[in-house]
Amino acid sequence: MTDRYAVIGNPIGHTKSPLIHGLFAQETRQDMSYTAIEGPLEPHDAFAATVRAFIAAGGKGMNVTAPFKLKAFAMADERSERAALAGAANALRFSDGRIVAENFDGVGLVRDIEVNLNLPMAGRRVLILGAGGAVRGALLPFLAAQPAELVVANRDIAKVRALVEQVASSGPLAACGYADLEAMGQFDLVVNATSASLTGDLPPVPPSVFSPAGSAYELAYGKRLTPFLRLARNAGVLGIADGVGMLVEQAAEAFDWWRGVRPQTRAVIDRLTVPLD
């Protein structure tokens, strides 16, 4: 019997997940289907009801995207450490009547940076902009990469300090406001994990944080040269990238978690890449 998987979000028409997982299944010869579900926003318990209906119909797992990652986390019976730190889940697995929650956003991001882009973070100064769910999910994988220093910057300094305090014992981690960045010198890698690029805006980051010999990474993908990447390029940074590789790598992590086989990602990334010009 064909195993059923899906991605759930709202809106969901833009999702690349069925294409990605379809290509993965074809490559690895897995007997599975993968569809997109537009989850209901109201009433409050409608999301959980939709997930449980999918399980009852034979569903084996789900990817979860905005705005349901918090609800997916809340309804799980078991949560990974990464999901617990993020307070959000981007993947669910259904087994023996239990719902298990994971968050692969951070590990997918690190794999794209270190493996696909060949930018090892060990011993480097790394700056992450933002303090939302994407950053929360990325902190442990980033610290596991052993940077010399990991700085998280956000407008709301109290929010980012509270986040950093949760994992401060895991590595060289610091919090700051955007106004503090001018005095902090250059970073080897600057990652924009804010929502600014989704609306065509620029996070309030000074050009002085960029090292011409370093790299800039934009979590948004398919938007060509965002204001953040344009700022980095104008500062002399040659190594710029968007988040399409992260999208594919986190999907591969979920696929492996569900199916026990890790697909190749390079051809899929190449297929989805939009030139940054």
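Which residues form one aromatic cluster with Y5? Y34 and W258 do, in a model that is predicted. Residues are numbered from 1 along each chain as its sequence is written, and side-chain values use heavy atoms, with hydrogens and water left out.

The record, an unreviewed entry, places "domain: Shikimate dehydrogenase substrate binding N-terminal" at residues 7–91. Its positions are given in the numbering used here, feature names are shortened, and annotations may be inferred rather than shown by experiment. Residues 7–91 are 42% helix and 22% strand, and the end C-alpha atoms lie 9 Å apart. Helices (H or I, at least four residues) and strands (E, at least two) are DSSP runs, numbered from the N terminus. The feature "domain: Quinate/shikimate 5-dehydrogenase/glutamyl-tRNA reductase" (unreviewed entry) is placed by UniProt at residues 121–197. That span is 30% helix and 29% strand. The end C-alpha atoms of residues 121–197 lie 24 Å apart.

Two strands pair if DSSP finds at least two bridges between them. Strand β5 (residues 91–95) runs antiparallel to strand β6 (residues 98–102), and 5 bridges join them. A91 has E102 in β6 as its bridge partner. Contact means heavy atoms within 4.5 Å. Axes are lines fitted to C-alpha atoms, for helices over the stretch in contact, and angles run from 0 to 180 degrees between N-to-C directions.

Another open sheet of 6 strands is parallel in its pairing, with the order β9-β8-β7-β10-β11-β12. β9 (173–177) and β12 (239–242) stand at the edges with a single partner strand each, so one side of each has no neighbour in the sheet. From one strand to the next, the twist averages 20°. β7 and β10 run parallel and are joined by 4 bridges. Here V126 stands opposite L189 in β10. β10 and β11 pair in the parallel sense over 5 bridges. V191 stands opposite Y217 in β11. β10 is mostly covered, with 5 of its 6 residues buried. Buried means under 20% relative accessible area, exposed over 50%, and partly exposed in between (1.4 Å probe, protein chains only). Strand β11 (residues 210–218) and β12 run parallel, joined by 4 bridges. E218 has D242 in β12 as its bridge partner.

Helix α7 (residues 157–167) lies across β8 (149–154) and β9, at about 175° to β9. Helix α8 (residues 227–234) touches β7 (125–129), β10 (187–192), β11 and β12. The direction of α8 makes about 170° with that of β11.

Aromatic rings were then examined. Rings of Phe, Tyr and Trp (its six-membered ring) pair if their centres lie within 6.5 Å; planes under 30 degrees apart count as stacked, over 60 as edge-to-face and the rest as tilted. The count comes to 7 aromatic pairs. F24 and F255 form an edge-to-face pair, 5.6 Å centre to centre with 75° between the planes. This pair links distant parts of the chain, 231 residues apart: F24 is in helix α1 (residues 17–28) and F255 in helix α9 (residues 244–259). F24 and F255 are both buried. The F210 and F228 ring centres are 5.8 Å apart with planes at 50°, so this pair is tilted. F210 lies in strand β11 and F228 in helix α8, so the pair ties together parts 18 residues apart in sequence. F210 and F228 are also both buried.

Two arginines sit over ring faces. A charge counts as over a ring if NZ of Lys or CZ of Arg is within 6 Å of the ring centre and within 35 degrees of the ring normal. R79 lies over the face of F73, at 4.6 Å from the ring centre. R125 lies over the face of F187, at 4.1 Å from the ring centre.

Terms used: This is a predicted model: local features need pLDDT of at least 70, side-chain atom pairs count only at pLDDT 80 or more; totals for chains, interfaces and linings use all residues.
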